[in-house]
Amino acid sequence: MKRIYLLLLPVMLLCSCGGKSPKSLEELKEGTPADSMMFYFGQIQANNYFMDMETDTMLRSPEARAQFMEGLRKAMELEKDFDHVAYNKGLKEGVRLAIRLREFESRYGCEFPESVLLSSIETALKSDTGVNVAEAQKGFYKIKDRFELQAGEKELEQSRKLLAKEAPGRGFEMVSDTLYAKDVTPGNGGVRFKDGDRVAAEVTATTLDGKEIETRQFPDSITIGAGRVKRVVCLAMHTMTDGQTRSFMTTPRTLFGKEYKGLYLTADEPVIFTVKVTRAE
């Protein structure tokens with residue numbers, strides 16, 4: 001995206017080398033070299049925000065933009081009076097880690113003590129022997145995976161409840177507790193597909209409001225039940241006959257696995273995927 005959006009970033013326009021800072025945007029643009037440089041630098045930062053906003057809907061509201069500016073001002077106020085490299089590095093890491101802890105707490109529903117984190121870092125830094133990073137990573141990810149499993153189970157249960165509430169009103173009938181189906185076009189009749197059958201399949205997917213979702217990960221030629229094919233897609237095909245098209249409603253995690261986050265989907269919002277399938281010759 002090459003457009004440059006206009007967004008006032010007054011916190012970034014505080015520096016000027018000589019003279020009184022102009023007040024209007026046009027004056028800032030043509031002001032002192034420092035004013036002018038900061039004006040354009042601010043526009044670039046604003047454009048970065050707009051680019052992030054394209055993929056993160058949580059950033060789009062006026063309230064979110066105001067919160068962003070509040071956080072930006074606070075960080076700028078903290079850092080502007082200090083010129084020590086190590087201090088500034090600690091400040092930046094502190095902000096990053098504070099955000100990461102809040103993400104952990106939101107994701108896992110557990111309070112993580114900052115005091116333990118800070119004590120662990122400080123103790124390690126007082127030693128000249130360094131850190132056994134392999135041991136640290138092994139311990140961290142072992143426990144994190146346990147939290148992730150618990151969160152995933154909770155997430156799936158919430159998704160099942162939402163599916164059960166949403167699907168019937170849209171004409172879908174239950175196939176399993178994570179899969180609902182409805183006919184789009186009839187097939188040629190005959191027996192339903194089973195594991196081991198080779199088929200040609202067209203798979204498309206959308207959010208509930210109709211936004212298309214990338215489905216390149218689903219091959220056009222499928223052996224039902226093969227390891228590389230998502231089990232939910234195979235289960236969907238078990239309900240179909242040659243030449244049929246059906247739509248299915250499921251959870252993002254069920255259809256895409258952990259990769260659903262990279263598609264900017266939320267765990268608790270069902271997705272719809274449509275399958276057109278014909279028997280391969």
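Mentor: Let's start with the term salt bridge: a side-chain nitrogen of Lys or Arg within 4 Å of a carboxyl oxygen of Asp or Glu. Keep in mind that this is a predicted model, where local features need pLDDT of at least 70, side-chain atom pairs count only at pLDDT 80 or more, and totals for chains, interfaces and linings use all residues. Residues are numbered from 1 along each chain as its sequence is written, and side-chain values use heavy atoms, with hydrogens and water left out.

Trainee: What makes arginine 107 and glutamate 148 a salt bridge?

Mentor: Their N to O distance is 2.4 Å, and the cut-off is within 4 Å, so the pair qualifies. Arginine 107 also meets glutamate 155 in a salt bridge, at 2.6 Å.

Trainee: Why is glutamate 155 called buried?

Mentor: Buried means under 20% relative accessible area, exposed over 50%, partly exposed in between (1.4 Å probe, protein chains only). Glutamate 155 has 9%, so it is buried.

Trainee: Which residues are linked in the network of salt bridges?

Mentor: Arg107, Glu148, Glu155 and Arg253.
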